[in-house]
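Here is a friendly walk through one structure, with the cut-offs spelled out as they come up. Keep the viewer open while you read.

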Number of protein chains: 2
Amino acid sequence: MHALILGAAGMIGRRLVDALVAEGRVGGQPLTALTLLDVVAPAAPEGFTGPVRAEAADLSAPGIAEAAIRARPEVIFHLAAVVSGEAEADFDLGYRVNLDATRALFEAIRAAHAAEGYRPRVVFTSSLAVFGPPFPGIIPDDFSLRPATCYGTQKAMGELLLADYARRGFLDGIGIRLPTICVRPGKPNKAASGFFSGIIREPLAGQPAVLPVPDTVRHWFASPAAAVGFLTHAAGLDLARLGLRRNLTMPGVSATVAEEIEALRRAAGDAAVALIRCEPDERILRIVETWPEAFDPAAATELGFRADDSFDAIVARHVAEFHGG
Amino acid sequence: MHALILGAAGMIGRRLVDALVAEGRVGGQPLTALTLLDVVAPAAPEGFTGPVRAEAADLSAPGIAEAAIRARPEVIFHLAAVVSGEAEADFDLGYRVNLDATRALFEAIRAAHAAEGYRPRVVFTSSLAVFGPPFPGIIPDDFSLRPATCYGTQKAMGELLLADYARRGFLDGIGIRLPTICVRPGKPNKAASGFFSGIIREPLAGQPAVLPVPDTVRHWFASPAAAVGFLTHAAGLDLARLGLRRNLTMPGVSATVAEEIEALRRAAGDAAVALIRCEPDERILRIVETWPEAFDPAAATELGFRADDSFDAIVARHVAEFHGG
């Protein structure tokens, strides 16, 4: 099986490539070739002996989608996106990358389907951002698509396209709404959601961290490893039984900030927790208050998607990767 | 107020123009000018003394959206669409007209907003087709967008665009999900939904009608007059209180085919009912079984949208218009 990864240089994309290479399989078959694309050239993975094409490519530019699928990859992971803050700040860029490039990919696949019956598995990464307030306390699978951001709108439109192209048989698609990734590795950033990871990551590294919201704030999380597990699981599923429900909210861990902090305390003690400084930020609180707290991801759970066991497990995965266990 | 009607030559469009002219007002203000566009030139309305531009125009062609709003109409009714069967049969046409032309309109408005602060009221006609099975018996306002057709997908994507452009302040938009229109005037057609109107319209005219499904089939209806009432009401509402819920399921009459037939009997007697011939059609039944039966349109009802009082009222409106009361 030839796998194409769009957005292969991103945090999840790189981990997905590593996981596929380590497993040597994708969608239940041997992994025979890789095409890795991103706006910056992805690194070719170590330890993979099959052919690899790793290139910089802007999927929203003319002809790039057709070129991306020229070798007819059997599995396509579409992770390429402009993130939420950037899509809100640059309206045209967000629609071009998150909507038009996704449509260009699906249209290229449809043309190849019409010409030669090509029909790849497409795993599309969507987001909780397709949902907006007012929310029930626990959000069901059938909850309305009502985004509160351009990014969420573009992801919701991508979901609808995916489902329609799948219904028509042009591709065999599944959309995966990822929880907020935690603990996100790397440096602190200005994203409104950054503190959810920062208050774990920074104290574990002996660094101070700022908490801008009350510790009663609740949200929906998955570790980077769990996210990669969702993607690889999605590549091998029998999707016929999904019917029209081609886009699924992934399971996650619903935790309050206070529960995050107690998990940190169990992993690293009071000294680590003491590195968290409360600095209320009304702007961030107003954004975070529009985010969902918990889901009942019944459809995905029934299909075998598995979240982290607990927020302690999320912390433990980060510790194992970055602090030698 | 200058009103632009896109799709002004259609069944609802013509009635909307007549209603606006008869009322002499739109959105609570005097109606001062009309721009009427459709793929065939709409008739100029009688009895309107203000300036009228009535032209054939394909909104999906380059430059047409910009030209349509050149006079900066304060109220825009966007009814132009390729219907369900055609959008399914011609994939490219459906996306071009129902999605791309809608986006071109919104983009033209955004450009005028950026240049000069233009921000019209936009009333977008959507459809129950944004929903697909499995359904609960009564569908709530927060039910998932999960279309079962290309048409429903394109309408759902238009809803999402409308809400995003409204959230960003580029336009002041509201999406109106119309029930199935009944009694639809005109000749019998091949639409899967045609029989819902045909079994009333044809017997009232002394003609035979075919019923292809069991009389236990239930669906959600509004008369043409009620649909026009939704549109004119939407033009004058204060939308600030909608929040992110910019797209609303309209109230309707939930009726079974048996209830339709009893209303026909009360209006026109047993002789009319005897003109209905049962001819089960498995193909039509399979389509109709994927359609919703009833809604709880709480948000629209709270905003003052009003359905027909009963299926008898729906029949009476048709009789009054076509059979002299």
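## Two packed helices

In chain A, helix 1 (residues 11-23) packs against helix 7 (residues 224-236) at an angle of about 65 degrees, and their axes lie 9 Å apart. Axes here are lines fitted to C-alpha atoms, for helices over the stretch in contact, and angles run from 0 to 180 degrees between N-to-C directions. Helices (H or I, at least four residues) and strands (E, at least two) are DSSP runs, numbered from the N terminus. Contact means heavy atoms within 4.5 Å. By that rule, helix 1 of chain A contributes A:Met11, A:Ile12, A:Arg15, A:Leu16, A:Ala19 and A:Leu20, while helix 7 of chain A brings A:Pro224, A:Ala227, A:Val228, A:Leu231 and A:Thr232.

Please bear in mind that this is a predicted model: local features need pLDDT of at least 70, side-chain atom pairs count only at pLDDT 80 or more, and totals for chains, interfaces and linings use all residues. Residues are numbered from 1 along each chain as its sequence is written, chains are lettered from A and ligands numbered from 1 in the order in which they are written, and side-chain values use heavy atoms, with hydrogens and water left out.

## Between the chains

The contact between the chains takes 33 residues from chain B and 33 residues from chain A. The area buried between them is about 3,000 Å², with carbon and sulfur atoms giving 54% of it; buried area is the accessible area (1.4 Å probe) that two parts lose on being put together, summed over both. On the chain B side, B:Phe91, B:Leu160 and B:Leu244 lose the most area to chain A, together 20% of what that side buries.

There are 10 salt bridges between chain B and chain A, where a salt bridge is a side-chain nitrogen of Lys or Arg within 4 Å of a carboxyl oxygen of Asp or Glu. A:Asp142 forms one with B:Arg146, their closest N and O atoms being 2.7 Å apart. A:Glu88, B:Asp164, B:Arg167 and B:Arg168 are linked in a network of salt bridges. Over all chains, the count comes to 44 salt bridges.

B:Arg103 is found in helix 4 (residues 91-116) of chain B. Leaving out residues up to four places away in sequence, B:Arg103 touches A:Tyr95, A:Leu99, A:Asp100 and B:Leu161. B:Arg103 counts as buried because its relative accessibility is 17%; buried means under 20% relative accessible area, exposed over 50%, partly exposed in between (1.4 Å probe, protein chains only).

## Salt bridges inside chain A

A:Asp172 has two salt-bridge partners to look at: A:Arg121, with the closest N and O atoms 2.8 Å apart, and A:Arg246, with the closest N and O atoms 3.2 Å apart. Both A:Asp172 and A:Arg246 are buried, and A:Arg121 counts as buried too, at 10% relative accessibility.

Within helix 4 (residues 91-116) of chain A, A:Arg110 and A:Glu107 lie 3 residues apart, about one turn of the helix. They form a salt bridge with the closest N and O atoms 2.9 Å apart. A:Arg110 is buried at 14% relative accessibility, whereas A:Glu107 is partly exposed at 29%.

## An enclosed helix

Helix 6 (residues 194-204) of chain A has 11 of its 11 residues buried, so it is largely enclosed by the rest of the structure. After helix 6 of chain A comes A:Gly206, whose phi is positive, near 80 degrees.
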